[in-house]
Amino acid sequence: MSDGADHHAKEALTRVAVTRADVDMDAIRAAYHEQFGGRLEDAVAGKAHGYYRDALLSLVAGGK
C-alpha cells in the first residue's frame, strides 16, 4: 500500500481482495493489524482514491 504503487501492485491488491473477500478477509485483516498495528480499512481509505477506494473498502470491510 505504498504511495508510489505501480499498476501491477494495484492489480495484485485488487485480485487478493476480490478472491479472498468471502473466504478469509477476517484473517487478512487480523494479519494486517498484527504486522502493521493498524486497521486495513484505514490503510485502504488513506491510500486509494475514487471508485477504486470505494470498491476496495466494500470488499475489505466485508459487510461491517
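**Figure 1. Burial and overall make-up of the protein chain.** Of the 64 residues in the protein chain, buried residues make up 22%; here buried means under 20% relative accessible area, exposed over 50%, and partly exposed in between (1.4 Å probe, protein chains only). This is a predicted model, in which local features need pLDDT of at least 70 and side-chain atom pairs count only at pLDDT 80 or more, while totals for chains, interfaces and linings use all residues. Residues are numbered from 1 along each chain as its sequence is written, and side-chain values use heavy atoms, with hydrogens and water left out. The protein chain has three helices and zero strands, and its elements run α-α-α from the N terminus on. Helices (H or I, at least four residues) and strands (E, at least two) are DSSP runs, numbered from the N terminus. Among contacts in the protein chain with a separation of 6 or more, 45% are between residues 24 or more positions apart; contact means heavy atoms within 4.5 Å.

**Figure 2. The largest nonpolar core.** Which residues make up the largest nonpolar core? There are eleven in all: Ala 17, Ala 21, Met 25, Tyr 32, Leu 40, Ala 43, Val 44, Ala 48, Leu 56, Leu 57 and Val 60. Helices α1, α2 (40–47) and α3 (50–61) each supply at least two residues of this core, and α1 gives the most, with four residues. A nonpolar core is a set of buried Ala, Val, Leu, Ile, Met, Phe, Trp, Tyr and Cys residues joined through side-chain atoms within 4.5 Å. In soluble globular proteins, nonpolar side chains tend to be buried together.

**Figure 3. Met 25 and Ala 43, two members of the core****.** Leaving aside neighbours within four places in sequence, Met 25 is in contact with Ala 17, Arg 20, Leu 40, Leu 59 and Val 60. Ala 43 is found in helix α2 and is buried, with a relative accessible area of 15%. The C-alpha atoms of Ala 43 and Leu 57 are separated by 9.8 Å, with the two residues 14 apart along the chain.

**Figure 4. Helix α3 and its buried face****.** With twelve residues, α3 reaches 16 Å from its first C-alpha to its last, close to the 16 Å expected at 1.5 Å a residue; the expected span is 1.5 Å times one less than the number of residues. Which residues of α3 are buried? They are Leu 56, Leu 57, Val 60 and Ala 61. Seen down the axis of α3, these buried residues fall within an arc of 120 degrees, so they line one face of the helix. The arc is that of the directions from the helix axis to the C-beta atoms. What covers the buried residues of α3 includes α1 and α2. Following α3 comes Gly 62, whose phi is positive, near 55 degrees.

**Figure 5. The aromatic pair of Tyr 32 and Phe 36****.** Rings of Phe, Tyr and Trp (its six-membered ring) pair if their centres lie within 6.5 Å; planes under 30 degrees apart count as stacked, over 60 as edge-to-face and the rest as tilted. By this rule the count comes to one aromatic pair. The ring centres of Tyr 32 and Phe 36 are 4.7 Å apart and the planes lie at 40 degrees, so the pair is tilted. Both residues, Tyr 32 and Phe 36, lie in helix α1 (residues 7–36), four residues apart, about one turn of the helix. Buried or exposed, where do the two partners fall? Tyr 32 is buried, with a relative accessible area of 18%, whereas Phe 36, at 53% relative accessibility, counts as exposed.

Figure 6. Asp 24 forms one with Arg 20, the closest N and O atoms being 3.1 Å apart. Glu 41 forms a salt bridge with Arg 29, with the closest N and O atoms 3.8 Å apart. Asp 26, Arg 29 and Glu 41 are linked in a network of salt bridges.

Key: A salt bridge is a side-chain nitrogen of Lys or Arg within 4 Å of a carboxyl oxygen of Asp or Glu.
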